[in-house]
Amino acid sequence: MIVKNVWISEFERMFKRKKTWVGLFVYLFLLGFECLFLYGVGGQSFYDPDHVVGLNSLNTAPFFLRELGLFLIFVLIPMFVVDSFNGEYTSGAYRLVLLRPQGRAKLFAIKWSVQGVLIFGLLVFTWLAATIYGYLVFPNVTEVSFFNTGELQSSEAFLYVLTFYAIALLILLAILTIGSLISTVMPNVILSYIGIIGFLIGGLYVSDHFSFFITFTDSIFQVLGKQNMTLIPLAFSIVLISAILNVTIWTKRDWME
């Protein structure tokens, strides 16, 4: 019961923050703009500069995430994570929660899960909106092919798109987890945000395998086209290692200092 109350409290505090509503409003605006943009360009998008694709009722959803991905990765999720994992602590607003008889590892898990639910909700909403939009606006088809796949029937295309969004969720959860670690160790919100963006961009200079933070949907298409075998294990590793480091720091840190 105590864990449930703390989770509800975390959820309520998130939606009491003005930045949360502003961020969600901007996301909805960009989603609406995406509809107009794709309609305005004649229902065309692309896998990469060499592969243009016409949108239809079965393949529209992944391309919505292509256009919105940069805003999610470099603006919305870092902003939410920094506010939750650094802003509340440095402002003193989290002290009342820390006074509760609750293990620090559980408090971290509650914060992480609330942010994860928000990300999951955004992806589900985007998938639903894009799928409905595709059926209403673009040609209705019974089969379609994606990058490096053969022709897929409707049910196969449906599973392909769900898998696409599941991999997108994994990448965004990796950003959430590494972002929470960076926000926990940084002294203020500005340095936390810079640290997260620095990690996302800097990883590319460490190894090309980290490029999925930048290329996002291009990399997911490559995974589903069996041309990228490292993204999923690497993203899982980032989530696992960052979570372990987070729990270690949360349990050993003197949060009342």
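Helices (H or I, at least four residues) and strands (E, at least two) are DSSP runs, numbered from the N terminus. Axes are lines fitted to C-alpha atoms, for helices over the stretch in contact, and angles run from 0 to 180 degrees between N-to-C directions. The structure is a predicted model, in which local features need pLDDT of at least 70 and side-chain atom pairs count only at pLDDT 80 or more, while totals for chains, interfaces and linings use all residues. Residues are numbered from 1 along each chain as its sequence is written, and side-chain values use heavy atoms, with hydrogens and water left out.

Helix 3 (residues 60–91) and helix 9 (residues 217–224) cross at roughly 145 degrees, and their axes come within 9 Å. Contact means heavy atoms within 4.5 Å. On helix 3, Pro62, Phe63, Leu65 and Arg66 take part; on helix 9, Thr217, Asp218 and Phe221. These residues divide into 4 nonpolar, 1 polar and 2 charged. Here Ala, Val, Leu, Ile, Met, Phe, Trp, Tyr, Cys and Pro count as nonpolar, Asp, Glu, Lys and Arg as charged, and the others, Gly among them, as polar.

Helix 5 packs on helix 6 at about 145 degrees, with the axes 10 Å apart. The crossing is right-handed; a crossing has this hand if the near helix is turned clockwise from the far one by less than a right angle, and is left-handed if anticlockwise. By class, the contact has 15 nonpolar, 5 polar and no charged residues.

Helix 6 (residues 154–185) also packs against helix 7 (residues 189–206), at an angle of about 135 degrees and with axes 9 Å apart. The two helices are therefore oblique to each other. Angles under 35 degrees count as roughly parallel, over 145 as roughly antiparallel, 65 to 115 as roughly perpendicular and the rest as oblique. This crossing is right-handed. Ile175, Ile178, Gly179, Ile182 and Ser183 of helix 6 meet Ser192, Gly195, Ile196, Phe199 and Leu200 of helix 7. The contact residues comprise 6 nonpolar, 4 polar and no charged.

Grid points are joined across faces, edges and corners, and a volume is the space filled by probe spheres set on the points.

The largest pocket holds about 160 Å³. Its lining consists of Trp21, Leu24, Phe25, Tyr27, Leu28, Leu118, Gly121, Leu122 and Phe125. Helix 2 (18–40) and helix 5 (104–137) each give two or more residues. Helix 2 gives the most, with 5. The pocket lining has 8 nonpolar, 1 polar and no charged residues.

The whole structure has 2 cavities of 30 Å³ or more. The largest cavity holds about 40 Å³. Leu76, Ile77, Phe80, Val81, Gln115, Leu118, Ile119 and Leu122 line this cavity, with helix 3 and helix 5 each supplying at least two residues. The cavity lining has 7 nonpolar, 1 polar and no charged residues.

Technical notes
On a 1 Å grid over the protein atoms alone, a cavity is a set of points where a 1.4 Å probe fits but cannot get out, and a pocket is an open set with protein on both sides within 12 Å along at least five of seven lines; lining residues have an atom within 4 Å of a point.
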